[in-house]
Amino acid sequence: MKQQTILSVFLSTFFLFGGVIFAQKTLNGNITDETGGSIPGATVIVVETNLGVISDFDGNYSISAEEGQSIQISYVGYSSQQILVGASSTYDVSLQSDNTLDEVIVTSLGIVRQKRELTYATQSVDTEGIDESRANGNLMNSLQGKVAGLSIQTTSGGVASGSKVVLRGNRSIAGSSQPLYIVDGVPLGGDINDLSPDDIESISVLRGSNAAALYGARANNGAIIITTKKGEEGSFKVNVNSTLTVDSPIIQFDYQNQYGQGSGGIYSSFSTDSWGPALGGTQPHWSLDPNITGNIPFVSNPDNITDFFDTGINIANNISVTSGSKNATAYLSYTNDIRKGIIPGNELQRHNINLKIDNTMLDGKLKISSRLNYIKSNINNEPSQWENFDNPYRHLYRLPRNIRTQDASNFEYIDSSGNSKQNYWKPNDNGGQNPYWTINRANLSETLTDRVLGHLSLTYNISDNLNILVRSAIDNSTNSFEKRWHNDTYIIADNGQYAIDNNRSLEWNTDFLLAFKRDLNENLSFNLNVGGNNRVNKSKGMSTNNGGLNAPNIFAVSNAVNLTANQFISEREVNSLYGFGNIGFKNGLFLDLTYRSDWSSTLPSDNNRYDFYSTGLSAVVSEFVNFPSFVNFFKVRGSYAVVGNDTDPYSLERLAQLQPGGFIALQTTAPATDLRAEKTTSFELGFDTTLFNNRVNLDFTYYKSNSIDQLFRQSVPQASGVTSKFINGGDIQNNGIEAVVSVGLLTNGDFTWDLILNYAANKSEVISLADGLETLSYGEDYVRNFQLNVGQPWGSMYSRGFERDAQNRVLMNANGTPTITAGKTVNIGNFNPDWMGGITNSFSYKNFNLRFLIDIRQGGSVVSFTKTILASDGLLAETAIGRSGGLIFGTDVYQKETPASTPASVDPETFWASIGGRNAPVGEAFVEDASNIRLRELSLSYALSQASLTNSPFNSVKLSLVGRNLFFFSNEASIDPEVTFGTGITADGYEAFSAPTLRNIGLNLKLGF
Amino acid sequence: MIKTINSIKLNKMKKIISKILIISAFIFIAVGCTEDFEEINTNPLSLSTDKLADSPVLQGQAFAQAQYTSMTGLHWRFQISQSLFSDLWSGYYATTAAGFDSDRFTQVGGWSDLAWGSFYGIAAPQIKLVEDLARESGNTVGEAMAKIVKVNGYHRMTDYWGPIPFSAFGNEELSVPYDSQQDIYSNFFTILDEASSALSAGGSSYAGSDRTYGGDAAKWKKLSESLRLRLAMRVRFADPALSRTQAEKAFSSGVLITDPADNATVSTDGTNRNPLETITNWGEFRMSATMESILKGFGDPRMEVYFDPAASGDSDGDGIPYEGLQNGQTKVALGTSKNDGHSDLNVFYRNMSLGGANPAIDIMRASEVHFLLAEAALAGFSVGGSAKDYYESGISVSMMERTGADAAAIAAYTNSVNTPASFDGGTTPGVSSIPVKFNESNTESALEQIITQKWLALFPNGWEAWAEARRTGYPKQYARVSSENPDVPVDQIPSRMTYVASEFTTNIEAVNAAISGQLGGSDKNNTKLWWDKK
């Protein structure tokens, strides 16, 4: 109902204000450059109407406009000019070339700098459209494919799923490789995705630690700098932005539809496998409901998986108000998100109120900026992930092929004693569930979050050369989670189960910055800054678990069979002092120096300081050297940085924990008594150039970083008394190249075509681990073991594999199955891509704009745990091979493999049990190439011309058709290799009962008043 | 005029503001000092070991943790340590879960890895902590109690794996050497000597926390000597002299656990439960065919207290609704549920919501001591009585504590010549031909009688039952339906656990040295342990 209303508003608005025409006069003129040469192909538009023409070969143009309107003349590589139309009919224009020298970028600490000065790689992200397609409500996902070297993978889940964000490769063994988020100059403590895309003014990505050295430890992995919108000077303006998109899942598992429940070809209504007889006829009903007896059709149900899903719906509405005088501006914005997931019952509601007020006082000497952002969200029934019993996908993907939707959706019945019970084909199965039971009776949760971001900053110009900034920002959130499981959710608990989690977390940064700036003479400029930061992180939480319910299905703490409570606390304080300076020579040569010291509460008190520094040089060579005329601008840059890191709170002492029931348990990890701060040294070299009348812009960077003295836990023999020890060591090297090319490909009449390409390739290598340590296993799951091996790249996955002879032929068992290695000793590939790239095409024709983004990921491997299970369950299409008469390894399946001896024919149930399943899946048999190319984003928009809006209440109207993940151009794997199940360092390259990728299509309407 | 005043005001304000800003910047630096960092980095919810050292009460709680975890503790640790291995291989149960390969003699690596880790990662450091704290604080009774917990925990581990890290445990090094089983056993006896001697003076420790005897030193001495007897009989075929010395020493201490009132258990509560209470909820285990054959054939009243009738009643037509499942069922066969057709554990061991009792976890029962003495007597050790006396008193103690049977019923049972029966209604004969009635004339069959009765009395302590089954070969078990392990044919049972994967990644030199040295070169499921010499 609601979405229909919105749609009708969209459409009626569109038709009401379209196509009104006014009387005009014709203007003529000639467009030249500084030297008097004519400029063909320059764009001339009437600002008010947005209608335009292009100058001809001789630079002449002719356009209709009214007196009092303005025309704007622009051409790539030249500063555009605006002219007020007066009584005259002829306007000749001379354009000044614009070397894009003035492009500014927001850098560390919120400082705006000219891009030409920068000594390191940055990329400012095209934020156009992030408030339109909205990327499933996940702000970071809208950066996918747009930034060279930025890998963003969606984590499996529902309407509130996060993403794993990594710049320039993984580097931290124990910690996170995710970047730091900086909002308005201050680090953000919590989830970036709570921010409303409507409130984002700009995003720039500082890719290496060089750029981010000033932020200290947490910017080890680069930083993403976000500036929020502020009020504009001028009259009261209102903007409304509405988006409605729908999601549909892209299921890629290929199921068989020939055989149903059972084993050995014999039907069993009790079975969770599909190794039963060929479908056809009828079989006894599996239902436990005493009222349902007799037989049911035993037929194929190719849609029993997809039937489960709803259409996902995302509605986002934003209204923002801005108003301002010369000395005070205000921006107030309210965003409302409503999302319904493809899993029935999975919903999100979020309110986001953002107020920013900027004041200038004392003749412009004092600037006060304050921002208050309140976010309230309510998430219902977010699916659990991975192999969790409450993950609906786990049960859904495993539906036997003969189970009909109309039967399965009957998930509950009343037994003879009047109790509500689960209707499932295998009652009381440990971890088994009817997926419809899961979403209606087991995965019932509610997460409430209240988050406040407060920001206050004062800048005072003490003199023309000296100013001081004092700033304080908090990010405080409280979070309450509760979960309910009904009676008969197998083995979860007696009579149902109830759990509550309440947490609060705070990050509070206070800093000051004293900035001195002086031009020593015409050629030499100089600035010096001294600052300090105090950061406090605190989090506290309490969780309770009912340990079963006394009275069934009454979800209250007081109904606990065995109430247990757990409490946690974490606190950290870091003080920093830093200084940085910049010397500029002839506005073409720049030297940067930074130094920062941190004192962290988590390090030993006699050794709690660690330092960072960076140095960089930027030379605008084109300022000093004469290049051929097609080179408009050329800059080289290089920088070197050393960034450190501290450790987690409470790591210095071996502690014991009080346990419920009067126990005290000793911690299993040895304390870190002699800690050195971690260090990342990084070096980068690059150039920026602008060519061909500024039509082509190329930005190239080579980097190399070494993360050394890492602090990680090494597994030690358990009999040593501890399970792991802190080790300070390691040298993880990442090096690679990044390139961004933007091309103004065509400007012809009303038609323009712009192209942005980005490319990044990263190579990592484990240079060393610790003394005497050649291999470190840092994570394990059912399929894979992760090892860092000296001399090998990061991300190697080891699994069970086929035993082979010297000729690489597979050794066979007598029963026709391949022999399998006992341990996870076979390197089955590396999850890192060889390279990643993105191609953004932007076309505009008159009032239309078409933009699409092709996202490429080449190389790397992925393995699906789901498929190992579906194989042993007899569900995948390939498991239908050989059902009558058996199959032969190397001939019927795995044709690429050569058996070392003539294999016996084996029944497929035995075969797939030997290589699939949960306990000992053979990763080598399931690993796939993760290369894929997809249409990541598409947007087609139409903006109503100003002329047609003159008599309407609107200043602007724009309607867009938006879509994401529309299709794959190619995908080597049988799953979407970019869906991960978490953000941890072992999450890559692994699919485990993940939510499918969502295809997202919708409409966006923007109205300005 | 007004303008001037304004500009004066403005200048003044500027100065004030610049002062405020600069001062606040310096206050910031001053406040941001690091003096309170140590306090910030102290977790108020945890305890430092210093704090433990000062408090006997806290040490008691740490001791309780050692007691519970050394008997595997949490339900899932119990499952991957005991119920998936020794409970199946001792013949107590068969599994009905198709994915539990261990009933087909496959030692699933991931499980045994967790079993190893549950002891070495959780229990062993805790035992060491308690022992160290007690010694440092001069608590001799507490130290002795910790030593007994240590012997109990480690003998279970060496009985699973053979050579294990023992004397070098806790070296905090990157390599921890293994000790031979012979050395470990010899060490156990010395440690028990120390413990018993420290406990001789009486007294009490950890009274509020001790989950076995409420801190009573005298009772702990009983456990110390009873464990000595258990270990003495374990080495009987490997080192008969040591076996005799230690068994006789235990007997002559005069403080063995012979009365069920002294049974050594770890008490449970709603939070720290008997693991069976939880895992029985998962419907994965049923009475074994061997168990049915023996209990049914003997007409043993313990059948009804150990197990429940099968949900679908008498299926083999013998008129008795207790049904055992043959071990080693194939995956295909288990594709159809075997649960309703076979006997689950008695409700006593099942979930509290179903009326379960959440019983205490057995360390050692009086009945076991009687049977140990019976075997000792059979071996000719001087333990103050005949094999027959102890055999019968063992049955009697077990019957009384399990069933509350009266003396007449017990006498009828011990005199019965019933032999094990067919488990499938007559197709397959009984698993053995020994009667209940003791026959001392044939030493071997007498041993089979003693161990078979001990096996019944030990239930559900599969850990000890599997060790004794390997040492003595009793009770006889039905052959498995299938074995997936080429080293262990269907008519045998595994002799040990193979070493776990984590040792090969973290402690490879030591584990390889143990394999080539103490273990004799072969790390297999059919490699015999040192004490397995019969």
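**View 1. Chain B as a whole, in a predicted model.** In chain B, which has 534 residues, buried residues make up 60% of the total. The model shown here and in every later view is predicted. Along its principal axes, the C-alpha trace of chain B spans about 125 × 55 × 50 Å. The secondary structure of chain B consists of 20 helices and 5 strands.

**View 2. Helix H5 of chain B and its bend.** Helix H5 of chain B covers residues 75-89, and at B:Gln82 this helix bends by about 40°. How many of the 15 residues of H5(B) are buried? The number is 13, and H5(B) is accordingly described as mostly covered. After the helix comes B:Gly91, a residue with a positive phi, near 85°.

**View 3. B:Gln246 in helix H10 of chain B.** The residue in this view, B:Gln246, belongs to helix H10 of chain B, which is made of residues 240-253. Is B:Gln246 buried or exposed? Residues count as buried when their relative accessible area is under 20%, and because the value for B:Gln246 is 7%, this residue is buried. A second residue, B:Asp316, lies 70 residues away from B:Gln246 along the chain, and the C-alpha atoms of the two are separated by 47 Å.

**View 4. A mixed sheet of 3 strands in chain A.** The strands of this open sheet follow the order S4-S1-S7 in chain A, and their pairing is mixed. Strand S4 and strand S7 (93-94) are the edge strands, each of which pairs on one side only. Strand S1, residues 25-32 of chain A, runs antiparallel to S4(A), and 6 bridges join the two. By contrast, S1(A) and S7(A) pair in the parallel sense, over 2 bridges, and here A:Thr32 has A:Ser94 of S7(A) as its bridge partner.

**View 5. The two faces of strand S4 of chain A.** In a regular strand, the side chains alternate between the two faces of the sheet. Which residues of strand S4 (residues 60-65) of chain A form the covered face, and which the uncovered one? The covered face holds A:Tyr61, A:Ile63 and A:Ala65, whereas the uncovered face holds A:Asn60, A:Ser62 and A:Ser64.

**View 6. Strand S46 of chain A, covered on both faces.** In strand S46, residues 861-864 of chain A, A:Ser861 and A:Val863 lie on one side and A:Val862 and A:Ser864 on the other, and all of them are buried. S46(A) is joined by 3 bridges to strand S47 (residues 927-929) of chain A, and these two strands run antiparallel. In that pair, the residue opposite A:Ser861 is A:Asp929 of S47(A). S46(A) is also joined to strand S50 (residues 990-991) of chain A, this time by 2 bridges and in a parallel arrangement, with A:Tyr990 of S50(A) as the bridge partner of A:Val863.

**View 7. An open antiparallel sheet of 4 strands in chain A.** The order of the strands in this sheet is S40-S41-S42-S43, and the pairing is antiparallel. At the edges are strand S40 (775-780) and strand S43 (826-830), each pairing on one side only. From one strand to the next, the twist averages 35°. Strand S42, residues 796-799, pairs with S43(A) over 4 bridges in the antiparallel sense, and in this pair A:Tyr798 has A:Asn827 of S43(A) as its bridge partner.

View 8. Rolling a probe the size of a water molecule over the atoms shows where empty space is left. The largest share, 3 residues, comes from S30(A). By residue type, the lining of the second largest cavity divides into 10 nonpolar, 5 polar and 5 charged residues.

Note on methods:
Residues are numbered from 1 along each chain as its sequence is written. Chains are lettered from A and ligands numbered from 1 in the order in which they are written. This is a predicted model: local features need pLDDT of at least 70, side-chain atom pairs count only at pLDDT 80 or more; totals for chains, interfaces and linings use all residues. Side-chain values use heavy atoms; hydrogens and water are left out. Two strands pair if DSSP finds at least two bridges between them. Axes are lines fitted to C-alpha atoms, for helices over the stretch in contact, and angles run from 0 to 180 degrees between N-to-C directions. Buried means under 20% relative accessible area, exposed over 50%, partly exposed in between (1.4 Å probe, protein chains only). Ala, Val, Leu, Ile, Met, Phe, Trp, Tyr, Cys and Pro count as nonpolar, Asp, Glu, Lys and Arg as charged, and the others, Gly among them, as polar. The bend at a residue is the angle between axes fitted to the seven residues ending there and the seven starting there.
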